[in-house]
Amino acid sequence: MASQSVERPGAARCPGLSVQDLLRADSRPVPDYLTRESYEFLGDEDIPTERYTSPDFFRREIDRLWPRVWQWACREEHIPEPGDYVVYDFGPYSVIVVRAEDGAIRAHRNACMHRGTQLKPSFSEGSAGQIRCPYHGWTWHLDGSLKSLPCAWDFPHVSPERYALGAVRVETWGGFVFVNLDPDAPPLAEYLAPLPGHVPGAVFEDRYIAAHVQKELNCNWKIASEAFLEAYHVMETHPQLMRTNGDANTQYDVYGDNVNRLINVAGSPSAFIEEPMTEQAILDSFLIGDRGDVTEKLMVGEGETARRIMAQFFRDTVAARGGPDLSATTDSEIVDSIAYFVFPNQQFFSGISFPIVYRFRPDGMHHDRSIFDLVILKPRPKDGTPWETAQPVRLASAQSFTTVPGMDPYIGNVYDQDTGNMEAAQRGCMTLGRPGVTLANYQEVRIRHMHRTLMKYLED
Ligand code: FES
Ligand SMILES: [Fe+2]
């Protein structure tokens, strides 16, 4: 067993190359936001299992958490024209995000002001000149103002001022449209800090949705999210990744209440790989991004590293596709997983080779069911080559990611391994027989950070 630190709790680190050691060998100057660490010991008490298993606890989240947080509902390109709308559902809540006549993006509660009927079906999208209730036909303009109601003579007590659709806060960042049911929530930029200071919104604006999978899971939404908040599971769950993934040497940072980060290096073997690996052997097993692009064997030259070769390969591939110029972009920003979590349920990966976004939300009023959105973004071609927003592919809990058209089966298998863990964790928590689960001080600090903020909402 590795030695335990006798110093401050949380100060111990895995032996071997750290993220910062690798950044120092980068072929380009590394920006400050990557070189600055921000770990904080947040305690080592168990996390009560009831947070995953109790319908009562879930009910408190529905009442006190979900109506008060910012979460992305869609991308701006989902609703390019006036009248275009997307319905975003989380737990029992449903919001219509719509492009209004004046081009502004608005969001409304998806419920009729007459007798509450849901106005547009859950998970739907489309285009409409107005918003009309299918029950009795009350109708609103796209901006949410009341337009008309049948038999208005019978409703002298209904005034347009008091019967606009329920307004939902809406703001944008990085091409994502965020919504918040709380009229008193802080501005989005404040909520997202320091993320926009680390990664300019343009990094995400310049991408498009190349693939979108929406998978139903038989687990609590937090169990789903937590499976991607640490790389501690890589050696056991994804042993096929160990030859090129610095699993236990991942860096974890926490910021304020809402944001935390992981930097998971690629092109450096796991500390658990015992035989020494040459840079060529690392490069040969380096399976990241779109593997179809690698049509001939890449070679590591004298004095080069696998990371540098892969980074240059991506710079060249992206340029050849008419994408952005990455000549000044660091190797780390190209090959590593740099993942920002934004409370409560979203993760944004800013790196070039693994440009994904995750979102997790409760499925209706079920504490043990959730929906996992996996979105793969790609750089928008700058040379006019057309791109299209991929439609979501729905997967039932038993369906494999490898069945998704266009999904690399190697990557699909990795996600199957992750979602298998989630459902097993949910079942196990029901029968554990002790009141809590245990977290690592360093590698699982992002999970503890999420729970700390969660409890602030619930106890506030
Ligand atoms: S419930 Fe919507 S018009 Fe009556
Ligand atoms: Fe995983």
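Reader: Hi! Which residue follows α13, and what is its phi like?

Author: Hi! Gly433 follows α13, and its phi is positive, near 80°. Helices here are DSSP runs of H or I with at least four residues, strands are runs of E with at least two, and both are numbered from the N terminus. This is a predicted model, where local features need pLDDT of at least 70, side-chain atom pairs count only at pLDDT 80 or more, and totals for chains, interfaces and linings use all residues. Residues are numbered from 1 along each chain as its sequence is written, while chains are lettered from A and ligands numbered from 1 in the order in which they are written.

Reader: Thanks. How many residues does α13 have, and how far does it reach?

Author: α13 covers residues 409-431, which is 23 residues, and it reaches 33 Å from its first C-alpha to its last. That is close to the 33 Å expected at 1.5 Å a residue, where the expected span is 1.5 Å times one less than the number of residues.

Reader: Which of its residues are buried?

Author: In α13 these are Ile411, Tyr415, Thr419, Met422, Gln426 and Cys429. Buried means that 20 or more other C-beta atoms lie within 10 Å of the residue's own; exposed means 12 or fewer, partly exposed is in between, and C-beta atoms are placed from the backbone.

Reader: And what do those pack against?

Author: The buried residues of α13 pack against α3 (50-53), β12 (207-217), α8 (221-226), β18 (370-379) and β20 (436-437).

Reader: Switching to the sheet: what is the strand order?

Author: The order is β13-β14-β15-β16-β17-β18-β12-β19, in an open sheet of 8 strands with mixed pairing. β13 (251-255) and β19 (393-395) are the edge strands, each pairing on one side only. Two strands pair if DSSP finds at least two bridges between them.

Reader: What about β15, is it covered on one face or both?

Author: Both faces are covered: Ser337, Ala339 and Phe341 on one side are buried, and so are Ile338, Tyr340 and Val342 on the other. β15 pairs with β14 in the antiparallel sense over 6 bridges, and Leu262 stands opposite Ala339. With β16, β15 forms a hairpin that has 3 residues between the strands. That pairing is antiparallel too, over 4 bridges, and Tyr340 has Phe348 as its bridge partner in β16.

Reader: Is Ser353 buried or exposed?

Author: Ser353 counts as buried, because it has 22 C-beta neighbours inside 10 Å. Ser353 lies in the loop between β16 (346-349) and β17 (356-362).

Reader: Now the big picture: how is the protein divided into domains?

Author: There is domain 1 (19-53 + 199-459) and domain 2 (71-184), with bounds that come from an automatic or database domain assignment. Their C-alpha centres lie 33 Å apart.

Reader: How many residues are in contact between them?

Author: 14 residues of domain 1 are in contact with 12 residues of domain 2, contact meaning C-beta atoms, placed from the backbone, within 7 Å. On the domain 1 side, α7 gives the most, with 4 residues.

Reader: Last one: which residues touch the most other members of the largest nonpolar core?

Author: Ala73, Tyr88, Ile96, Val97, Phe178, Val179 and Ala224 do, out of 110 residues in that core. The core draws at least three residues from each of domain 1 and domain 2. A nonpolar core is a set of buried Ala, Val, Leu, Ile, Met, Phe, Trp, Tyr and Cys residues joined through C-beta atoms within 7 Å.

Key. Two residues are in contact if their C-beta atoms, placed from the backbone, lie within 7 Å.
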